[in-house]
Amino acid sequence: MATKKPAIGSFLIYIESVKVRMLVGVAMLVISLVPISASGHVESNENGNIKQKINTMLYEHKNKEALAEAKEKYQRNQNSYAAGLLYSRALLANQQLEMAIGVLQELSKKYPGNSEIESLILKYGNYKKIKELESFFEKKEYEKSINIGQNLFYQGVDSYRSGMIVAQSEFRLGHYQKSIQIYEELIKKYPEDNSLIKEKKNIEMQMVASQASLLVKEGHWIRAVDIASPYFERSENPDKNIGLILAKAYMQGKKEKKAMDIYAYLIKKYPQDADISLDYMNALLTEYHDQQALEFYNALPVKSKSKVFHILGENLSHYYTNYIMTYGGAAASTKNYPVDNEVGIAVNKTFKKSALYLSVSRWNRFHQDATRIEGIYYFELKNGYDAYVGGEYSPENNFLAHYGFLAGLSKSIKNINIYGGIRQLEFTALSATVLSLGARYYFVEPVSLGLTLYYVPKTTAYSIMLSPEWNFNTKNRLYGNISWGMAGENLGVNLGILNTPSINLLVGDSYRVVPHIEVGVQGFLEYRKALYNRVGGLGYVRYWW
């Protein structure tokens, strides 16, 4: 879930209205000038009235009218001192900063050494720097806005605005502590502005949320709780994002009740928040409360339900974890081998931290029939490991193994899942152990690639398999296998097992027609040198609940 930036309250209002506020401030500053200018020139009553008229226009934000009057007065009075100051103020009010500075520079030539003009040129130059600072901030060039803004802030140039821009730039770069430091200095300068205290608290919350979120990702849930809990459990108005991170930390530490209490509080306070609803549903599913998660979804307000449904990828299919499946397929071979076929049924039942898979299938190959009964139990271990054990049995004892056992172990490390397994097969006159070792790397969603090595010590058969997979969305999955090596082929009780150079290709696609029903197809091609080529396909229908 994306971390939201805190609202910056009066700062945004300030940025939008800053030109008006600044111009009013400048206008009021210069309105206080006495009728006798610094040059010693005494203004006539007529000029005084025009000046008062222009000042009134500026005060009432009639900037265009004021500029027209000031320009005419400046031209009529032959670039006089008072008219020049008035004209420069009107230009500034109309956001023509460069021209305003130009007018002041012309006056400085006419009145060299005039401290008032030099002071105004310096101030207008600083306003120009503030405008440049705003531009970098608006263009999200935060490093530049920090470098410029810090100089202006510590020089006292429009400290409020320059300080706010520096603080927000630091925040957007993730430099929370530096941002908080600037806010603390602003609070000392402007203690009457309560919005600064609010913004400082918002950034402190974001800093805590960021630190706790990182700790949860790294598996340090206890440290995450230590950091986040004071800001949530002891606050009069707990922060939503910190609450969500704290709940995830408790879920990671198997403290389900504490996590659910936080979710209950957040859902009550923010009933329309899709992010909270989605996190809560995922927490329920983590503890395998599948039915409760679906009931919660169905009870959501219509507006929230549509948002959650969109976040889920327009599909609730991954909220169903149990299934029953029927499947069947056939393959044709060269070398006058008969067409073989297979049909079967399978059931998968998911428990809180485990799953059980059972299947029964009927095979026909080499003019022989065989039945396979198979069961696999998947379960979690400590420290992020997963494992499985299982067995298979074929009563006919012909081309399928009479019985067999299998076991495996896997562990995910960041974007990589590493796995290995062993399978012991017992035929009539042969025992074979199949060893496997592999890894799957998960690229940017939705692509992953697996590499698996198989080896049979008894027959020295081996195979290397690449397994790309592409999950388009929660509805559609495309996958494939390509393998090559020296594969063993069981030709039946009488013919034994033969190793041959082999290449296998397989492409499959599964699609959720509706959340409860999935259909799938796969096609394959097998090459066995000096033995046969084989091509076939398989299809299935799976019902989820």
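Ser-108 is buried, with a relative accessible area of 15% (buried means under 20%, with a 1.4 Å probe and protein chains only). The model is predicted, so that local features need pLDDT of at least 70 and side-chain atom pairs count only at pLDDT 80 or more, while totals for chains, interfaces and linings use all residues. Residues are numbered from 1 along each chain as its sequence is written, and side-chain values use heavy atoms, with hydrogens and water left out.

**Surroundings of Ser-108**
- Ser-108 sits in helix 5 (residues 97-110), where helices are DSSP runs of H or I with at least four residues, numbered from the N terminus.
- A polar atom of the Ser-108 side chain lies 2.6 Å from the backbone oxygen of Gln-105.
- Leaving aside neighbours within four places in sequence, Ser-108 is in contact (heavy atoms within 4.5 Å) with Ile-117, Glu-118 and Ile-121.

**Helix 6 against helix 7**
- Helix 6 (residues 115-138) packs with helix 7 at an angle of about 155 degrees, their axes being 8 Å apart, where axes are lines fitted to C-alpha atoms over the stretch in contact and angles run from 0 to 180 degrees between N-to-C directions.
- That makes helix 6 roughly antiparallel to helix 7, a term for angles over 145 degrees.
- Among the residues that meet are Leu-133 and Phe-137 in helix 6 and Ile-148 and Leu-152 in helix 7.

**Helix 7 against helix 8**
- Helix 7 (residues 142-155) and helix 8 (residues 159-172) pack at about 145 degrees, with axes 8 Å apart.
- The contact includes Gly-149 of helix 7 and Gly-163 of helix 8.

Note on methods
Helices (H or I, at least four residues) and strands (E, at least two) are DSSP runs, numbered from the N terminus. Buried means under 20% relative accessible area, exposed over 50%, partly exposed in between (1.4 Å probe, protein chains only). A polar contact is a pair of N or O atoms within 3.5 Å; within protein, one must be able to donate a hydrogen and the other to accept it, and residues adjacent in sequence count only if both atoms are side-chain atoms. Angles under 35 degrees count as roughly parallel, over 145 as roughly antiparallel, 65 to 115 as roughly perpendicular and the rest as oblique.
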